[in-house]
Amino acid sequence: MVMDGEERDGGGETAEDVIQQVESVIQSAASFGEYRRTQRKECYNLLRRMRLLLPLFEEVRELESPVTDKGIDWMLELKKVLVMAKKLLKFCHKGSKIYLAIESEAVMIRFHGVHDKLTQTLDDLPDELCISDEFREQIGLMVMQLKRARKRTDTQDIELAMDIMVVLSKKDERNADSAIIERLAQKLQLHTVEDLKMETITVRNLIKERGGVSAETYQQVIDLLNKFRQLAGMEVTNVVDEPVVPKMLKCPSLVIPHEFLCPITLEIMTDPVIVASGQTYDRESIQKWFDTNHKTCPKTRELLPHLSVAPNYALKTLILQWCEKNKFKLPEKEASQGQESSSTVDKEEISSLVEKLSSSQLEVQRKAAMKIRLLSKENPENRILIAQSGGIPPLVQLLSYPDSKIKQHAVTALLNLSIDETNKKLITREDAIPAIIEVLKTGSTEARENSAAALFSLSMLDENKVKVGLSDGIPPLVELLQNGTIRGKKDAATALFNLSLNQANKARAISAGIVPPLLKVLKDRNLGMVDESLSIFLLLASHPDGRQAIGEFSFIETLVEFIREGTPKNKECAASVLLELGSNNSSFLLASLQYGVYEDLVEITNSGTNRAQRKARALLQLISKCEHV
């Protein structure tokens with residue numbers, strides 16, 4: 001039996017002290033509760049294994065003989081590893097959601113480090129710690145599970161990782177990009193004002209701590225945070241330079257009354273208005289919130305019965321009196337001009353246009369389709385009104401008209417309408433996908449390009465990825481990739497990437513002959529599509545047929561050229577593709593060595609991006625294993 005007062009020779013800690021410390025670490029880690037989505041699975045697995053160790057210490061307490069120094073040393077070593085695990089779990093519980101998503105690979109490496117140390121410590125369980133054979137078997141089983149977890153291929157959400165890459169690296173702002181940003185915000189649970197306020201504080205703390213994070217990663221985190229804030233109708237701010245004080249507040253010692261601040265921007269309100277929930281917001285901020293298809297109150301999150309607002313004259317008077325008393329000048333806003341330029345047309349006009357889509361006169365239909373296309377391009381409210389007025393079914397019907405201009409306007413209008421998540425489902429319900437694919441095959445140049453973009457937007461819904469594949473939509477996209485204009489090639493590549501996130505569609509793309517045109521696009525640096533092409537190759541390389549198709553071309557030489565001479569992002573993507581290929585077939589690695597990749601990988605480990613360095617190190621380890629075989 002371990003007694004409370006039983007001390008080690010020459011030491012101050014008893015076996016019971018150490019047991020209590022270890023139990024405290026495990027219980028503290030178990031109290032965190034929820035974890036960030038990107039690492040949730042790994043966190044729960046690690047915590048489960050930590051909890052499985054608790055019965056071990058109960059058994060040690062019941063030992064009849066005293067615990068030896070070697071046994072106490074082992075428990076202290078285990079405590080160190082568990083403290084390391086607890087810190088990682090805490091980071092995944094409280095850390096920046098955006099940082100954890102962008103650096104998911106680096107975080108996974110930290111999990112592997114914990115697994116390695118825990119495996120080594122459990123392997124070293126001393127015989128002097130006379131625990132039962134049954135528990136030793138459980139420890140042995142846990143060690144096997146940890147080793148399997150270490151060998152398991154990357155479990156990160158590839159769709160999430162690629163969405164982040166597209167959002168951060170895309171040069172051209174396309175309508176469909178807002179759908180990717182919205183999907184990211186939903187996945188990371190950063191779509192409400194409250195969530196974004198908390199994330200802003202977390203990011204600010206991350207930047208202050210400067211814990212070995214590169215300046216590039218900091219900037220990516222801030223850029224993505226501001227994209228999410230913009231989507232939610234919040235003001236884009238510099239989270240580093242403006243941590244607490246609102247930007248118009250010149251004197252930090254002057255405290256603005258809390259009730260004068262807009263709950264969305266946390267800045268003093270110049271035009272306070274009341275929404276249906278009774279809450280007050282600055283007019284410009286709440287209008288941005290409504291314009292991004294939100295129908296709830298940002299503060300209470302209740303669904304609003306209407307989106308009308310009423311001026312809060314009483315509060316505005318109090319704000320003006322306070323400003324005069326404190327010699328505080330309200331900021332001048334240019335909201336009215338901006339709002340007028342993107343204002344919605346009235347519902348009657350939209351209903352009239354929708355009715356004209358079914359006119360018996362071709363010219364009337366053509367003009368109505370063009371007008372709806374323009375109205376749906378920029379304004380989120382118009383997209384909702386057009387759908388509510390029944391505009392989607394007649395637009396889908398127009399896709400089968402022989403008139404090329406009508407088809408062009410109709411498919412582009414559907415592309416614009418599909419930016420709204422609800423509209424995606426309505427368009428799909430009208431069986432629009434086969435009709436859009438037909439326009440992709442036979443339409444004008446612009447119609448084909450916008451059809452590809454529409455398929456990309458609609459395939460944000462996973463069920464539509466399957467539907468596009470089954471409707472034979474991939475071959476015409478491959479054809480557009482091969483023979484389209486520069487914009488057509490870009491639209492085709494974006495759609496093919498998104499569709500190839502589905503395993504069956506990878507095989508369809510390979511059967512459609514995607515590899516030769518994709519390789520041609522990759523080599524044509526004037527197109528500026530290197531990273532996009534390599535991202536598709538990364539997906540294809542995860543499929544056996546893809547690896548076989550890639551092996552039939554001089555792809556490895558091209559890959560090594562980008563690893564050697566490309567931009568930092570090119571090198572990162574190219575190294576990722578080579579690692580995927582080499583992990584499954586060593587002949588790809590041997591071929592890359594013939595083209596002199598070894599020295600290039602060594603250089604990347606010293607000067608590449610964080611992700612590129614990790615990929616290069618993994619490749620060098622694989623090469624080392626190949627040489628020993």
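These legends go with a set of close-up views of one predicted model.

**About the model.** This is a predicted model, where local features need pLDDT of at least 70 and side-chain atom pairs count only at pLDDT 80 or more, while totals for chains, interfaces and linings use all residues. Residues are numbered from 1 along each chain as its sequence is written, and side-chain values use heavy atoms, with hydrogens and water left out.

**View 1. The whole chain, for orientation.** The protein chain has 34 helices and 3 strands; these are DSSP runs numbered from the N terminus (helices: H or I, at least four residues; strands: E, at least two). Of its 629 residues, 52% count as buried, meaning under 20% relative accessible area with a 1.4 Å probe, protein chains only (exposed is over 50%, partly exposed in between).

**View 2. Strands β1 and β2 up close.** β1 (residues 272–274) and β2 pair in the antiparallel sense over 3 bridges; strands count as paired if DSSP finds at least two bridges between them. Look for Val 273, whose bridge partner in β2 is Tyr 281.

**View 3. Helix α31, mostly under cover.** In α31, 12 of the 17 residues are buried, among them Cys 573, Val 577 and Leu 581. The helix (residues 568–584) should span 24 Å at 1.5 Å a residue, and its end C-alpha atoms are 25 Å apart, which agrees. That expected span is 1.5 Å times one less than the number of residues.

View 4. The model has 0 disulfides, a disulfide being a pair of cysteine sulfur atoms within 2.5 Å. For Cys 92, the nearest cysteine sulfur belongs to Cys 43, 3.9 Å away. Cys 92 counts as buried because its relative accessibility is 0%. Cys 323 is buried too, with a relative accessible area of 6%.
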